[in-house]
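Thanks for making the time this morning.

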Amino acid sequence: MLSSVQNPRFLLLHLPPKHLHFATTKAIHTSQTLALSPSTSPSVSQILTLRHSLLSRRSTAVELAEAYLARLRRTEPQLKSFLHVSENALKEAAEIDRRIERNEAVGPMAGVLVAVKDNICTADMPSTAGSRALEGYRPPFDATAVRKLRESGAIVIGKTNLDEFGMGSTTEGSAYQVTANPWDLSRVPGGSSGGSAAAVSARQCVVSLGSDTGGSVRQPASFCGVVGLKPTYGRVSRYGLVAYASSLDVIGCFGSSVTDTGILLHAISGHDRFDATSSKRQVPAFTSQFISKDLLESKPLKGLRVGIIRETIDDGVDPDVISSVCGAACHLEALGCIVTEVSLPSFSLGLPAYYILASSESSSNLSRYDGVRYGNQVVAGELNSLYGNSRAKGFGSEVKMRILMGTYALSAGYYDAYYKRAQQVRTLIQKSFKEALDNNDVLISPAAPSVAYKIGEKKNDPLAMYAGDIMTVNVNLAGLPALVLPCGFVEGESTSLPVGFQMIGAAFDEEKLLKVGHIFEQTLQGCNFVPPLVADDFPC
Ligand SMILES: NC(=O)C[C@H](N)C(=O)O
């Protein structure tokens, strides 16, 4: 136990806001975090490095693809991040080499190996959403995000594991396999985009796509020590994303640096006529300033207002996580930010509202898997039995539970008490974020209340698993963008485990989040966290 003087949580909760800078300064001294000890290497953009070596003809796209595929093959038996590995990756790489050879223009992501969560449609590989209901399903089209990636020259290396239909926080809910955390193989990588986070963390790919309905990109990014970005709702087309809860679902990005994450976001963003909820706003060149040498010298964060969300520095959060997040706040303060505490009184209501709304929407969205319109069919004599048997066999227990919860919340006698109430809470949450972001440039919080936990630890306790989403669900209810960045390590039994913090911005202001995140990681002298599993390939 830390004493009250050592314990940053105590300091944060008991000091008036004007003393917060003092609290966070103390916090960094008590934190073992920002001394980024295990296997850190300079925070370089893998995408820019790869592009440089391709265009300067130092290496070929085929050589780069072979290196990633070799690491994938070596680590995959332990990790199980992928459900399908592409058979076309080397062929696509050879085509890029041919274009470069002929001095033809290549896209900004030429030769970049991207892994795609298996609930995002790809025409050349199955897309199962982690469910038996879609076992063997091969979509006739690419999701818009995937199409855009291919147009920018990226190579889709494979499809990654997830909790069935995105419902879960550990990847244990996949109907196929459990993915391990590259930092400690006995622990979960988080979820539901655990495969995509583990694949970037273990450098099985350069960047990856996930989806985030209530934290599915941000929590696994934190557990696996990588950068995770949930864009504003509407920034990226959802066309070709298997629907879980349509008013909350977004496609998000994983990278090992903020630059890579921003480049990936740029490649997939923009309006799409196939998704009426996609925004017509212009897409900024998110990372264009990053290469400027003056950026870091010009004190770019001076005066930037950062609010720590008071309700997230709470008794239920692991003290080591709080130390790390306070350390991050302290680092931002040292960079010239004005850090204060901010209260979002409706914050704790977000979790129950999220689970009512997400389950309700999923009960409607998943009604299409009846074995006739969608999903594998279990033949039965009579039509209702065919529907029933196909659904009973196709869905796992967590999915069935959510459909039941959602159907209950939407049913005539209970609609006002649950669904309508949850929508009212959603409005309250949107308002309180709006107010907080009128007075602050960014808000910060832990990305999750704990570091990665043991496989099996919460599998039979759904409420404990749901409670782990407390830091992230509010952001989806408000439709805002949020960036998760590694900010330290906590000592596990056998190895160190990464901790991430979350930065939330105003709608469509991903540019600011990425800029602050980039400066944060660069001034930490590198936070490309590399897990022991592959550290030999990346000597510091
Ligand atoms: N899909 C998500 O964002 C994950 C969240 N834990 C859920 O189960 O709903």
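Which residues have the most contacts inside the largest nonpolar core? They are V112, L113, V114, I155, C205 and A329, in a core of 148 residues, where a nonpolar core means a set of buried Ala, Val, Leu, Ile, Met, Phe, Trp, Tyr and Cys residues joined through C-beta atoms within 7 Å. Helix α11, residues 319-334, gives the most to this core, with eight residues.

Before going further, a word on the source: this is a predicted model, in which local features need pLDDT of at least 70 and side-chain atom pairs count only at pLDDT 80 or more, while totals for chains, interfaces and linings use all residues. Residues are numbered from 1 along each chain as its sequence is written.

Staying with V112, and leaving aside its neighbours within four places in sequence, we find it in contact with I47, L50, A154, I155, V206 and V207, contact meaning C-beta atoms, placed from the backbone, within 7 Å.

For the chain overall, buried residues make up 57% of the 540, buried meaning that 20 or more other C-beta atoms, placed from the backbone, lie within 10 Å of the residue's own. The C-alpha trace spans about 70 × 65 × 45 Å along its principal axes.

Key. A residue is buried if 20 or more other C-beta atoms lie within 10 Å of its own, exposed if 12 or fewer, and partly exposed in between; C-beta atoms are placed from the backbone. Helices (H or I, at least four residues) and strands (E, at least two) are DSSP runs, numbered from the N terminus. Two residues are in contact if their C-beta atoms, placed from the backbone, lie within 7 Å.
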